[in-house]
Amino acid sequence: LQPGTHILTGSERMKKRPIGVLVAALRQLGAKIDYLEEEGFPPLRIEHRLGFGTQNRIRIPASTSSQYISALLLIAPKLSNGIQLQLTGKVVSKPYIQMTLAVMAHFGIEYEWDDDTINIAPQEYRPRAYYVEADWSAASYFYAMAAMAEEVDLQLNGLFEDSVQGDAVLVSLIEKFGISTTFNSKGVRLKKDKRVVPFFEYDFVDCPDLAQTFFVLCGGLGISGLFTGLDTLKIKETDRIAAMQTELAKVQVWLSKLPPKFSKKSGTEYYAMEGKANLSETPVFATYEDHRQAMAMASLVFSGDLLIENPEVVQKSYPDFWRDLVHCGVDIEEGEKDV
C-alpha cells in the first residue's frame, strides 16, 4: 500500500519462517513481491503497484498461521474493493481471527463472516479510545509457577473475565492443576488448592501459544499428558515442539509423538508427555531466539536452580519478565549470556 520499494528481512530464524501462503494471497490481490533468497521465505522485495487490491476475491489455507489471515483482514478496509476472503480447510487458531475482527469493529469496521468466507467492504477506520488488555499468554507463565509453588496468593492486574483473547481459556485449564482464579476490579487473584489431576489431555488448536506452558507445567509436576492441535508450533520463532523435546529431556521429561495407529482422529498428530522434572543438577536451557521458550522454561524456577541462555529474547513480548520474577521473590544473577 505504501509508495516505493521496500525490503523486508529479519534474523536468521525469521528467514526460516514460511511466508509463502501470505505472499501468494497478496499476489492474488495484485501485489508485486519477489523472494530475494529462498523461495517461500524472507527476505522479500515489495514494490508499490497501481491497482493493488482491484482483485478482491482470494482463497487462503486456514490450517496455517492465523497471522497471515489477520494481516489480510487489517488491510482489507483500505483496498479499493475490500476483500472476500475464503478460508479453506481446517481453521486453526480461530480465536485470534475473531480477536482481530473484534478490534477492527471497535474502530468502526463492519464485516460479515458467512460460513467459510469473511467479507469486508472498503471503509475507513475511525479513531476511538481503546483499553489494551494484559496478555493472557504472558500470564500463563505465572499461573504455571503458581501451580508448582508450595503456597500462592498472587494478583495479576489487567486481565478480565470478558476477554477477547482465546488464551483466557487458561483460567479453566489451570483449575486441573490446583489453581483457582477470582476476578476483581483490577484483574485476577490466584489461590491454590490441593486438587490436581493425575492426567491432562487437551487440544490446543485454538490456543497454541499456551502449549509450551503446559508442556513445562506437566513436566514440572510429573503429570502425564496427551496434547494435540499443535500444527502451527513448528513454524513459530522456532520449531517449538522440537525445542521442548530437547530442553525437557535435560530434566528427564519426555515429549514424544505417538504413531498414527494411536491417534484418536485420522490425520491428527498426538504427543504424549511423561516423566517429572529433575533439577538436581542445574540445567542450562537454550531459548532458540524464542521469547515463549525462555519464559516457559523459567516456569520451572520453583522446582530448583536453572540457567536460561540468551534471556534477552523476552524483549519481543515481555521486556519486564525477569524484573517481575524478582518481584515475586525469585533470585536472579546475570551472566554474559544467561540468567
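Author: In this predicted model, α2 gives the largest share of the lining of the largest pocket, namely six residues. The second largest pocket is lined by 29 residues, and Tyr96, Met99, Asp135, Asp209 and Arg292 are the closest to its centre. Numbering runs from 1 along each chain as its sequence is written. Local features need pLDDT of at least 70 and side-chain atom pairs count only at pLDDT 80 or more, while totals for chains, interfaces and linings use all residues; side-chain values use heavy atoms, without hydrogens and water.

Reader: What makes a space a pocket, and a residue part of its lining?

Author: On a 1 Å grid over the protein atoms alone, a pocket is an open set of points with protein on both sides within 12 Å along at least five of seven lines, whereas a cavity is a set where a 1.4 Å probe fits but cannot get out. A lining residue has an atom within 4 Å of a point.

Reader: Which residues of α2 are buried, and what do they pack against?

Author: Ser66, Tyr68, Ile69, Ser70, Leu72 and Leu73 are the buried ones. They pack against α1, β4 (57–61), β5 (83–88), α3 and β7 (117–120).

Reader: Why does Lys15 count as buried?

Author: Lys15 has 18% relative accessibility, which is under the cut-off for buried, so the label holds. Lys15 sits in the loop between β1 and α1. Leaving out residues up to four places away in sequence, Lys15 touches Thr9, Gly10, Glu37, Phe41, Pro42 and Pro43. Pro42 and Pro43 are joined by a cis peptide bond, with omega about 5°, and Pro43 is in the loop between β2 and β3.

Reader: Why are Glu289 and Asn310 called partly exposed?

Author: Glu289 has 47% relative accessible area, between the two cut-offs, so the label is partly exposed. Asn310, at 32%, falls in between as well and is therefore partly exposed. Glu289 has phi near 60°, a positive value in a residue other than glycine; Asn310 has a positive phi of about 45° and is not a glycine either. Asn310 lies in the loop between β16 (307–308) and α9 (321–327), and Glu289 in the loop between β15 (284–285) and α8.

Reader: What makes a set of residues a nonpolar core, and how many residues has the largest one?

Author: The members are buried Ala, Val, Leu, Ile, Met, Phe, Trp, Tyr and Cys residues joined through side-chain atoms within 4.5 Å. The largest core has 64 residues, and Tyr143, Phe214, Phe215 and Phe321 have the most contacts inside it. Helix α4 (residues 136–148) contributes the largest share of this core, 11 residues. A second, separate core of 29 residues includes Tyr35, Ile60, Leu85 and Met104.

Methods. Helix = DSSP H or I, 4+ residues; strand = E, 2+ residues; numbered from the N terminus. Buried < 20%, exposed > 50% of the residue type's maximum accessible area, 1.4 Å probe, protein only. Contact = heavy atoms within 4.5 Å.
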